[in-house]
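Q: I am new to this structure and would like a close look at a single part of it.

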Amino acid sequence: MNRRPKILSHFAISLALSSSYAFAAPPTYKMTTPIPPEITTPDRVDTRIGQLNFTDGVPTPETAQKLYDNLDFTRGVEAFLNGIPGASLVAIRAGLREAGAVGNTIGVFESLMDSKSLFLTANTETVYFWNWMDLKDGPVVVETPPNILGVVDDFWFRYVTDLGNAGPDKGKGGKFLFVPPGYKGELPKSGYYIVKSPTFGNLLFGRAFMKNGDPGPGVASLKAHLRVYPLSQASAPAPTNFVNLSGRVMNTVHANNIKFYEEVNQIIQEEPAGAYGPDMTGIFASIGMEKGKPFAPDARMTKILTDAVAVGNATARAIDFSNRDKAVLIYPDRHWNTPFIGGSYEWLNNGARNFDARTMFFYAATVDTPAMAVAMPGIGSQYAAANFDAAGKPFDGGKDYTLHVPPNVPVNNFWSVVLYDTQTRSMLQTDQQFPSLSSEKGLLKNPDGSVDLYFGPKAPPGKESNWVQTIPGKSWLTIFRLYGPLGPWFDKSWKLNDITETSF
């Protein structure tokens, strides 16, 4: 009974001296048992962030600050890698707002999309339509045309529903009713495909198809049948307007500097609290992005986040261009990558989220739908991306390359190849309006039906129709697209060749 005050006094004296001296081995008491060394912390630990110092397991003030700086940094990196889908949609919304493609106005690339517009890995071969659909004022009706591939994604770029050929209307057209989160009003009992979105902001996106290389019929069908209006106006809806986006200079790519966090914060402030789930909402909150509060990092946090976004961006580029997961390879002996590792539009594998796979997709691409990820022979679309040539080297815009496409490409519709700038992940901007080739563009064929495609600064003589221009001093990547892919693509009985460096 009399010993307790002495023990406390001894501890207090030792603690006072701990800045200069380490603890001696503690004395043994009646209740003392052997302590496994692996559950204790040494007074000094050398780590990748430097030396960490402790007083009998208690971090020194300097070490605690170093650890908090590191914690804020790592959470800043995680916020970047996992916030890319949302930031991308914020940038897309900004571009659509500037073009006026919001509300009951739909943006259509009437003469296709060319390289003037900055869109992540968009293509040049289908008639895109885009619209920012806001549900804050209540449910919105979308009437769809026949024979389109359409999709609605929420503000975190999560899949909401398909429209058209891969949707519940089976490509015949129909009325979709999009309901906002928390909506308590009465809904129609029939006549609509009713879809509830977890966010107010949604991207309405789709493709109409060309006929014999002419976008005109697809555009005409969109203008005749595609409608967007509030449910409250269903009895007498205002006219749906259309704006031509072709040839327009517009940026829809998210920032890769500290502005990125400001883009993500827009969603946090506008959407219901926790719309991205409690874990990611917690990550964002830990670096100062909380609903109802200003995002105003102080000098210390600004410095940390500036570093975090730089490392996050670099990490995303490593994941995107040099992915270490072998499952990314479509063929184990070639350099073609799938954008949907594991074939899941949610990037799930045995109940686990593949975060790197999701980052890889959204850093380079947009729009999430099962029709792009799941095998849907003859209906959806499939993608193969190449960042490296046959020798495993990045593409050099000053060199010449050839892609030999074997005969009988397994597609119900057509195939295409588009070249992209590795910086912007958007179409490569050269003297060519469309940095692409497709099976619908009168390519020169070999006697066996195969096709040789050429990439380089200058066209090979007599092969201009099969050539895409590249830029000396700039790298590029490419995506091979199959529209209406057939069985031989999925079972790999038909294979793409690697792109080889050559000389014209």
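Which residues does UniProt give for the feature "domain: DUF1254"?

A: UniProt places "domain: DUF1254" at residues 104–230, in an unreviewed entry. UniProt positions are given here in the numbering used for this model, feature names are shortened, and annotations may be inferred rather than shown by experiment. The model is predicted, so local features need pLDDT of at least 70 and side-chain atom pairs count only at pLDDT 80 or more, while totals for chains, interfaces and linings use all residues. Residues are numbered from 1 along each chain as its sequence is written, and side-chain values use heavy atoms, with hydrogens and water left out.

Over residues 104–230 the chain is 8% helix and 39% strand. Helices (H or I, at least four residues) and strands (E, at least two) are DSSP runs, numbered from the N terminus. The end C-alpha atoms of this span are 9 Å apart.

Helix α3 covers residues 216–225, and its buried residues are Gly 218, Val 219 and Leu 222. Buried means under 20% relative accessible area, exposed over 50%, and partly exposed in between, with a 1.4 Å probe and protein chains only. Seen down the axis of α3, the buried residues fall within an arc of 100°, so they line one face of the helix. The arc is that of the directions from the helix axis to the C-beta atoms. As a general point, an α-helix has 3.6 residues a turn, so residues three or four places apart point the same way. The cover over the buried residues of α3 includes β4 (105–108), β5 (127–134), β11 (201–208), β12 (227–230) and β13 (241–244). Contact here means heavy atoms within 4.5 Å.

On a 1 Å grid over the protein atoms alone, a cavity is a set of points where a 1.4 Å probe fits but cannot get out, and lining residues have an atom within 4 Å of a point. Grid points are joined across faces, edges and corners, and a volume is the space filled by probe spheres set on the points. The count is 2 cavities of 30 Å³ or more.

The largest cavity holds about 370 Å³ of space. It is lined by 27 residues, and the closest to its centre are Thr 121, Pro 339, Ala 364, Ala 365 and Ile 479. Elements giving two or more residues to this lining are β5, β11, α7 (355–364), β17 (381–386) and β23 (476–485). The lining has 18 nonpolar, 6 polar and 3 charged residues. In this count Ala, Val, Leu, Ile, Met, Phe, Trp, Tyr, Cys and Pro are nonpolar, Asp, Glu, Lys and Arg are charged, and the others, Gly among them, are polar.

The second largest cavity has about 80 Å³ of space. Its lining includes Leu 149, Gly 150, Val 151, Asp 162, Phe 205 and Arg 207. At least two lining residues come from each of β7 (149–154), β11 and α8 (370–373), and β7 gives the most, with 3 residues. By class, this lining divides into 6 nonpolar, 4 polar and 2 charged residues.

Another UniProt feature, "domain: DUF1214", is placed at residues 381–485, also in an unreviewed entry. That span is 0% helix and 43% strand, and its end C-alpha atoms lie 6 Å apart.

Methods:
1 Å grid on protein atoms, 1.4 Å probe; cavity = no way out; pocket = protein on both sides within 12 Å on 5 of 7 lines; lining within 4 Å.
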